[in-house]
Amino acid sequence: MFKLAGILLLMAGCAGLGFERVAEEKRRINELREMRRMIVRMQDEMLYGKRTLPEICLLFGQCMKEPYRSAFAGLYEKLEENDGRDLTMLWEEQMDRCMKDMAINEEEKDILRELPKHMGMLHETIQAAGVGQSLDIITGHIASAQAEYENKSRVIMSISIMAGLFLIILLL
């Protein structure tokens, strides 16, 4: 009876680890989509709203979902303080704090971290074009993540189930 309970618990644990890893991949895709939405909205605000970056930070600090809301609110406060640090340092600091618990990888985090470097000149059309470069990169990451998701999830679940079976055979 105890062996059967142990077998069931071991299989449930291995399957649970597989489900968690698959869910993490799904979270990664969703976070990349949210990042893309934010970048598109930023580009639209620059082009059509003719807003400056501090105005965009104030707006996003009020209407975006967490963790972006607090990052943009903090960035707006830092920009208003004008303590002598440049935008790229402030941006990177706030985005690092914002993205520390996200399921995205470092390369994808770098896209958002380096966004102010792509903004270029003060003219909003040129800034929006620079933001568009980041948008193209993030769109490519989303497409590849979605293409890999189904196969990756099958492989992850197969490996977790097989690991459970291997452990059961090993422990019997």
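**Group meeting: an all-helix chain**

Let me start with contacts. Of those in the chain between residues at least 6 apart in sequence, 64% link residues at least 24 apart. Contact here means heavy atoms within 4.5 Å.

Some ground rules. This is a predicted model, where local features need pLDDT of at least 70, side-chain atom pairs count only at pLDDT 80 or more, and totals for chains, interfaces and linings use all residues. Residues are numbered from 1 along each chain as its sequence is written, and side-chain values use heavy atoms, with hydrogens and water left out.

Now the overall layout. The chain has six helices and zero strands. Helices (H or I, at least four residues) and strands (E, at least two) are DSSP runs, numbered from the N terminus. Along the sequence that reads α-α-α-α-α-α. The radius of gyration is 22 Å, well over the 16 Å that the globule rule gives for 172 residues, so the chain is more spread out than a compact globule. That radius is taken over C-alpha atoms, and the rule is 2.2 Å times the number of residues to the power 0.38. Along the principal axes, the C-alpha atoms fill a box of roughly 70 × 30 × 25 Å.

Next, surface and charge. The chain exposes about 10,100 Å², and carbon and sulfur atoms supply 60% of it. Areas come from the Shrake-Rupley method with a 1.4 Å probe; for residues, only the protein chains shown count as cover. There are 22 positive and 27 negative side chains, and the centres of the two sets lie 7 Å apart. Lys and Arg count as positive, Asp and Glu as negative; His and the chain ends are not counted. Each charge is placed at NZ of Lys, CZ of Arg, CG of Asp or CD of Glu.

Inside, then. Buried residues make up 37% of the 172 residues. Buried means under 20% relative accessible area, exposed over 50%, partly exposed in between (1.4 Å probe, protein chains only).

Which residues have the most contacts inside the largest nonpolar core? They are Tyr68, Phe72, Trp91 and Leu112, in a core of 32 residues. Helix H1 (2-47), H2, H3, helix H4 (87-99), helix H5 (106-113) and H6 each supply at least two of its residues. H1 gives the largest share, seven residues. A nonpolar core is a set of buried Ala, Val, Leu, Ile, Met, Phe, Trp, Tyr and Cys residues joined through side-chain atoms within 4.5 Å.

Take Leu112. Beyond its neighbours within four places in sequence, Leu112 contacts Met35, Met38, Tyr68, Trp91, Met95 and Met99.

On to H2. Its buried residues include Leu53, Ile56, Cys57 and Phe60. Their cover includes H1, H3 and H4.

Pro67 sits in it, between helix H2 (53-63) and helix H3 (68-81). The peptide bond from Glu66 to Pro67 is cis, with omega near 5°.

Leaving out residues up to four places away, Gln94 touches Ser70, Ala71, Gly74, Leu75 and Lys78.

His141 lies in helix H6 (residues 124-171). His141 is buried, because its relative accessibility is 13%.

Gly132 is buried at 11% relative accessibility. Its C-alpha is 7.9 Å from that of Val40, a residue 92 places apart along the chain.
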